[in-house]
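Look over the chain and its fold before reading on. The report below moves from strand pairing to side chains.

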Amino acid sequence: NLSELSTSNFSDLNHSYGLDQTENGLRLQTGLKTSYRTKAGMESDIFFGNIYRINGENNFSEGSGLNGVKSNFIGALKFNVFDKFKINAGVITNDKFKITRNELQLNYDTNDNFNIYSRYFKKNKDELLGFTDDRSELNVGLNYKLNRNIITNIDFVYDMDRASATKSKLNSRYEHDCLALD
């Protein structure tokens, strides 16, 4: 079963992406979400949540965050400064608050044509989902808009656990009203 609890599917009955599988029975979802916005253009969002199953069948794998009576705890933080600098962070812990997954994304838009980004991702091994080892990656890249039709991207992915580059990419994309070429 390929399912995983995330902030994007926290309130959904279907935690299995693209599969027709749902939780049944009675459950209690608890969460706290707050947002703050200023007139100057600063924004922040914070979310923390958990699911408690009162009854019903459970057919989710251990690494999904949905097995057992209690789901994993999930948290997210988003911070945006004047639509130029953005920070997104997410964390998933087990019921003993041991971190099982975390991610951090930094994004800086210098202007309408140039964007620099960095992402860090760490997830503990989950053999039921096919991940036999812990995974940890750093992704760094930039996008440059040459003109209104052409965007160029360079992207570099580094495996933190193996201390080696796993992927690098340079591509350009041309888009017009009825045509897109990579």
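Thr34 stands opposite Ile46, a residue of strand 2. The model behind this pairing is predicted. Strand 1 covers residues 27–37, and strand 2 covers residues 42–53. The two run antiparallel and are joined by eleven bridges.

Together, strand 1 and strand 2 make a hairpin. Four residues lie between the two strands. In the turn, Gly41 has a positive phi of about 110 degrees.

## From strand 2 to strand 3

Strand 2 also pairs with strand 3, which spans residues 73–81. This pairing is antiparallel too, with eight bridges. Here Met42 stands opposite Val81 of strand 3.

In general, strands of a sheet pair through backbone hydrogen bonds, either parallel or antiparallel.

Further along the order, strand 8 (residues 150–159) pairs with strand 9 (residues 164–176). Ten bridges join them in the antiparallel sense.

## A buried arginine

Strand 5 runs over residues 99–109 and contains Arg101. Is Arg101 buried or exposed? Arg101 has a relative accessible area of 18%, and the cut-off for buried is under 20%, so Arg101 counts as buried. The side chain of Arg101 makes a polar contact with the side chain of Glu103, at 3.4 Å.

## The nonpolar core

Which residues form the largest nonpolar core? The core has seven residues: Leu5, Phe10, Phe47, Ile51, Ile74, Ala76 and Ile92. Strand 2 and strand 3 are the elements that give two or more residues to this core. In soluble globular proteins, nonpolar side chains tend to be buried together.

Ala76 is one of the core residues. Leaving aside residues up to four places away in sequence, Ala76 touches Thr7, Asp45, Ile46, Phe47, Ala89 and Gly90. Among these contacts, Phe47 is itself listed in the core. Ile46, also touched by Ala76, is the residue opposite Thr34 in the pairing of the opening section.

Notes: Residues are numbered from 1 along each chain as its sequence is written. This is a predicted model: local features need pLDDT of at least 70, side-chain atom pairs count only at pLDDT 80 or more; totals for chains, interfaces and linings use all residues. Side-chain values use heavy atoms; hydrogens and water are left out. Two strands pair if DSSP finds at least two bridges between them. Buried means under 20% relative accessible area, exposed over 50%, partly exposed in between (1.4 Å probe, protein chains only). A polar contact is a pair of N or O atoms within 3.5 Å; within protein, one must be able to donate a hydrogen and the other to accept it, and residues adjacent in sequence count only if both atoms are side-chain atoms. A nonpolar core is a set of buried Ala, Val, Leu, Ile, Met, Phe, Trp, Tyr and Cys residues joined through side-chain atoms within 4.5 Å. Contact means heavy atoms within 4.5 Å.
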